[in-house]
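Q: Got a model to go through with me. Can we keep it quick?

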Amino acid sequence: METKGHTDIVPLTEEVAKVLERSGLRAGILCLFVPGTTATLTTTEFEPGLVKDIRDFWERVAPVSHFYEHNARWQDGNGYAHVRAQSSGPSLVLPFVDGKLLLGTWQDIVLVDFDNRPRLRTIIVQIVGEP
């Protein structure tokens, strides 16, 4: 998955639902994992106003302009991205029944890429369930 970085929030619900459907499993749990230390997986309502609110939230909590020891050591400028990602985590576990994810009405699965540059992200999916 290609991302833009800079707290890019990418909807994944439709793709994940397709993977689940192809599995043929009817009930169980689905685990998503993003390798790396500057991205996270979560759920939210994927609505433009809320997407902006989420970006604004992260800028208040871990501002890009703050001093980060990581940047001083590596000079890569993405210390904020590491701090943001570790606060949310790289994985998400979701239940499913009758072959459908048990998401709330407005709940969407999203990848959030905090890094300071575009990235090519891999999302690992593992499904445990009953046929």
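Q: Is Gln-75 buried or exposed?
A: Gln-75 counts as exposed, because its relative accessibility is 61%. Buried means under 20% relative accessible area, exposed over 50%, and partly exposed in between, with a 1.4 Å probe and protein chains only.

Q: What should I know about the source?
A: This is a predicted model: local features need pLDDT of at least 70, side-chain atom pairs count only at pLDDT 80 or more, and totals for chains, interfaces and linings use all residues. Residues are numbered from 1 along each chain as its sequence is written, and side-chain values use heavy atoms, with hydrogens and water left out.

Q: Back to Gln-75. Where is it?
A: Gln-75 is in the loop between helix H3 (69–74) and helix H4 (79–88). Helices (H or I, at least four residues) and strands (E, at least two) are DSSP runs, numbered from the N terminus.

Q: What is its phi?
A: Gln-75 has a positive phi of about 55°, although it is not a glycine. His-6, also not a glycine, has a positive phi near 55°. His-6 is in the loop between strand E1 (2–3) and E2.

Q: New topic. Which residues of H1 are buried?
A: In helix H1 (residues 13–23), they are Thr-13, Val-16 and Leu-20. Seen down the axis of H1, they fall within an arc of 70°, so they line one face of the helix. The arc is taken from the directions from the helix axis to the C-beta atoms.

Q: And which are exposed on the other side of H1?
A: Glu-14, Glu-21 and Arg-22.

Q: What covers the buried residues of H1?
A: The cover includes strand E3 (27–33), strand E5 (91–97) and strand E9 (124–130). Contact means heavy atoms within 4.5 Å.

Q: What comes just after H1?
A: Gly-24, with a positive phi of about 75°.

Q: Now the sheet. What is the strand order?
A: The open sheet has four strands, E6-E5-E3-E9, with antiparallel pairing. E6 and E9 are the edges, each with a single partner strand, so one side of each has no neighbour in the sheet. Two strands pair if DSSP finds at least two bridges between them.

Q: How many bridges link E5 and E6?
A: Two, in the antiparallel sense. Val-97 has Lys-100 in E6 as its bridge partner.

Q: Last one: how accessible is Ile-29?
A: Ile-29 is at 42% relative accessibility, so it counts as partly exposed. Ile-29 lies in strand E3.
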